[in-house]
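Please look over the notes that follow with the model open beside you. They are numbered so that each point can be checked in turn.

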Amino acid sequence: MNKIKDTQYLYLSANIRAQETKMIGTQALNKMIAAASAEEAYKTVTDAGIGVDYDYRDFESALTQELFSTYERLEKASPNPEMFEIFRLKYDGHNLKTLIKAQAAGSSADGLLIPLGTVDEKVLRTGLRDGDFGTLAPKLAQAAVKARDSLAKLNDPQLVDVIIDRAVLESMSVLAKPYKSKFLTRLVDAYIDIANIRSFIRIKRIGQELNFLKEVLAQGGSIPVERYYDLFLKSFDDFFEMLDSTAYGPALSGAYDAIKNRGTLSNFEKLCDNYMIAILKESRFTPFGIEPVLSYLLAKENEVQAIRIVMASKIAGVAPDKITERLRETYA
């Protein structure tokens, strides 16, 4: 595959810069949080052109449609439409986990699947039945069979998540390499590194064994998995020292005390998410190329997640200050 040229994205980059001005940012989210009702909060969403034809109670469908349209629009305008499969893989992963667990429980997965993956849900159902997953990433297809069989044998739903999540991350790394893009590589590396850092901390805190950590961590990030293995039986301070030698230390150091003193991990989780947003924000200094395109896509996913948190919280009657605590930094 030829290296991506920034000039191939001149028109799309310009279009995206115009679209970014319409995104729901911190100010609009605060307006939603302060709204007297969920219905009033949803008006801010429709004013931004999202979910206009949906009732506020069906906001989930509206948000899924917004992401579907975003992917479709970017793929049609991009000289490398297949590149977006890298970020669709997580939806394949969600759908596989849902189908595997539903089938094992003898229940229906209808209404729980997300139509944003690289392959249709019918292909996944067929694959779980006879092993033919069509064009699904090979590593993920293999993981699906392994997860299905592991659940049938051991009856541990957590193993399904472990097997599929790792395969999604490793498949992202495999698909990203041929593009020879520094930004795309950095983005995917960060996805894997942050996931591995989160897993390391959770597993170490609950006292799981090293062998379990080896099953969970994904290959392909900028931090070799062997470094996690070497530090697993040492103190958190040793682990933090390693992080401080990477780009993640300055971003996550605010949570070190809570991590090692068994405090809540809520701030740590927020700092992890904010780190990813910080990478996207750097693309604002790039006038055109793959950077603004991918940053816009992932910013739209974060926008949708923020709207989801606010709308679900407003409908559930959650206090405004509690909703604010749940939100991450925004791109817009």
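1. Helices (H or I, at least four residues) and strands (E, at least two) are DSSP runs, numbered from the N terminus. This is a predicted model, in which local features need pLDDT of at least 70 and side-chain atom pairs count only at pLDDT 80 or more, while totals for chains, interfaces and linings use all residues. Residues are numbered from 1 along each chain as its sequence is written, and side-chain values use heavy atoms, with hydrogens and water left out.

2. Just after helix H9, Gly207 takes a positive phi of about 80°. H9 itself covers residues 182–205, and its 24 residues reach 34 Å from the first C-alpha to the last, which is close to the 34 Å expected at 1.5 Å a residue (the expected span being 1.5 Å times one less than the number of residues). H9 is mostly covered, since 18 of its 24 residues are buried (buried means under 20% relative accessible area, exposed over 50%, and partly exposed in between, with a 1.4 Å probe and protein chains only).

3. Most residues other than glycine have a negative phi. Lys180, however, has a positive phi near 55°, and it lies in the loop between helix H8 (157–176) and H9. With a relative accessibility of 55%, Lys180 counts as exposed.

4. Arg262 is likewise not a glycine, yet its phi is positive, at about 60°. Arg262 is placed in the loop between helix H14 (256–260) and helix H15 (266–282), and its relative accessible area of 56% makes it exposed.

5. Helix H4 (residues 59–77) and helix H5 (residues 85–105) pack at an angle of about 150°, with their axes 12 Å apart; axes are lines fitted to C-alpha atoms, for helices over the stretch in contact, and angles run from 0 to 180 degrees between N-to-C directions. H4 and H5 are therefore roughly antiparallel to each other (angles under 35 degrees count as roughly parallel, over 145 as roughly antiparallel, 65 to 115 as roughly perpendicular and the rest as oblique).

6. Which residues meet where H4 and H5 pack? Leu67, Tyr71, Glu72 and Glu75 in H4 meet Phe87, Arg88, Lys90 and Tyr91 in H5, where contact means heavy atoms within 4.5 Å.

7. Thr98 is also in helix H5, and at 14% relative accessibility it counts as buried. Leaving aside its neighbours within four places in sequence, Thr98 is in contact with Ala109, Leu112 and Leu113. The C-alpha atoms of Thr98 and Leu113 are separated by 7.1 Å, although these residues are 15 residues apart along the chain.
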